[in-house]
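Here is a short briefing to read beside the model.

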Amino acid sequence: MRRVIGIARKEILHILRDPRSLAVAILMPAMMVLLFGFAINLELRDLPVGILDMDGSSASRELIRSMTSSGFIVNGGYLSSRSEIEPGFRHNRFQAALVIPRGYARSLIRNPSTEVQILIDGADGATAATVDNYMNAVIAMTNRSSLPRSLAPSLPLLEARIRYFFNPQLVSAHFIVPGLVALIMVMICAILTSITVAREKETGTMEQILTAPVGAHQIILGKFIPYILIGAFDASLILAIGHLVLDVPMHGSWMVLAGYSMLYLLIALALGLLISTVSRTQQVAMMLALITTLLPTLLLSGFIFDHSSMPVVLQHLSKIVPATYYLRVIRGIMLVGRNWFPLEGGVMLGMTVVLLITAVRRFKSRLE
Amino acid sequence: MYKSNPTSETPSDYAVLAQGLTRRFGRFTAVDRIDLSVRPGEIFGFLGPNGAGKTTAIRMFCGLLLPSEGEGWVNGLSIRKESEIIKRRIGYMSQKFSLYNDLTVGENLEFYGGIYGMKKSAIRERSEALLKHVGLVKHRRKLTGSLPLGYKQRLALGCAALHDPTILFLDEPTGGVDPSARRGFWELIYELAERGTTVFVTTHYMDEAEYCGRISIMTDGRIVALGSPSDLKGTFNVKSMQDVFLRAVES
């Protein structure tokens, strides 16, 4: 045990003496969670829409009011002619424009079909599609409410009412914060661990350590301890910011989450160690760690891209990414309040055991 | 020329013993059937040009590499089967400077004491004595990276000797330092040997060969000469170790 403590102590000193690794370990997670939580917002709010009301009737004002009442779309200013629309797009004053033609109110009463025009800035495709959907929905609602009461019951009004469970407002922070925990733990544990072992090989200190009567398991445990502490600290930091600042709910148990997170931490550490056993230099370790841990966690785990929209090959590939399982667990605990994950827990436990045994075996106590 | 001479004595009579010790890397033979014996308390010099196989041989004695053929003993323990016990009794200073530059002098000592399983109090006591011995007491709190190379090597020797090993393996301990620092370093080696530590040291400085009790000259994986410096000068009928070395390597 003295040997393990000696190695862990030395490892902590390395981290404390290197401002860059300290920044990576502590500042980066805080930066990422705030960045993802606030700046990279997948929701649309307060989208300005230019309005050209050529009718000026109470019916047209009613339509404008219902368009802008949700806060999703705001009035981006009244226009006096069509010629103002394009410059408005060009100068980014609004992303869409609503044109209500003259005679709108009259037509609404007499004609079965009345038209309004919606112009959307297509430069940002995702935003354009969302605006399109939203404005169409408002118009559909207006249609129904403006129908004469006598006519209304005879029309087959079929409408899907969608309600999102567990994340009713579809707030992206609720989805992203759990993913960030998975991402940061892989970065800290897998990447930093693989680099620290590779560095000792590079500088020759590993050779010196191996001539001492210290077993592979002691070296590994000593190296693990500081990164377990940092990983746990970072995960707590992200969850604290997520829960307290970004209002990510916690419907499940913190203890259960801590247990699964520990399992995931061990998988990441074992992966880092495994990488270090096959790389001779820090650069190689870094590259390997990025390719085998960071990228799959970012792209295949379901953190950003949903599994169901992936090509089949990638769907299968995602099954060997540990973060896929951890993400289901952490989202399940926080957003759903589920506390029991036999499948995910089993797979993660299996991964931990296999990776740890392989890593310890591969970690040679001799030079090659 | 030196001939192998296995005696009837047992390996435990020697600090280091090698019989037909061989190490190959693929098709390249780095160490080719070497025989040597070092008595306890001896300062044994291991000479040879770069690439002769000195480091490979030392790494086999220290349990970092397994022999391909032959057998070796350290303190009577087999380097094939008992390397974990051997590790407790030896100190090793590798050719490449291998202390942590971002740790202080004191922290490096503490770390090496720790991985040898020494108690805190024992580490403190031995560090104190060793720092005094190698003349680094006032540098204890300095970062190792800020020290000149000569001091770093003294510290490396201190770290290798911290757990009081019976045998010290020093691989080119004086590489790259100036002559006066080398002299000072050898004084430290002498003091350790006087207290009974066996010192197995490689070098390619011929003047340092004179400091050794016995030396072996290795080239291309083979030992081509072995004996005390004065014996070897007699055998080759030359005046300096430099000439002994050149003759031995040429032959």
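Domain bounds here come from an automatic or database domain assignment. For chain A that assignment gives domain 1 (2–40 + 171–362) and domain 2 (47–154). Their centres, taken over C-alpha atoms, are 49 Å apart.

This is a predicted model: local features need pLDDT of at least 70, side-chain atom pairs count only at pLDDT 80 or more, and totals for chains, interfaces and linings use all residues. Residues are numbered from 1 along each chain as its sequence is written, while chains are lettered from A and ligands numbered from 1 in the order in which they are written.

**Chain A overall**
- Chain A has 14 helices and four strands; these are DSSP runs numbered from the N terminus, with helices (H or I) of at least four residues and strands (E) of at least two.
- Of its 368 residues, 36% count as buried.
- Buried means 20 or more other C-beta atoms within 10 Å of a residue's own, exposed means 12 or fewer, and partly exposed lies in between, with C-beta atoms placed from the backbone.

**Helix H3 of chain A**
- H3(A) spans residues 58–68, and its buried residues are Ser60(A), Leu63(A) and Met67(A).
- Seen down the axis of H3(A), these fall within an arc of 55°, so they line one face of the helix.
- The arc is that of the directions from the helix axis to the C-beta atoms.
- Exposed Ser58(A) and Arg65(A) sit on the face turned away from the buried side.

**Chain A against chain B**
- 23 residues of chain A are in contact with 22 residues of chain B; contact means C-beta atoms, placed from the backbone, within 7 Å.
- Helix H1 (2–17) and helix H8 (205–210) of chain A are the elements that give two or more residues to chain A's side.
- H1(A) gives the most, with nine residues.

Key: Contact = placed C-beta atoms within 7 Å.
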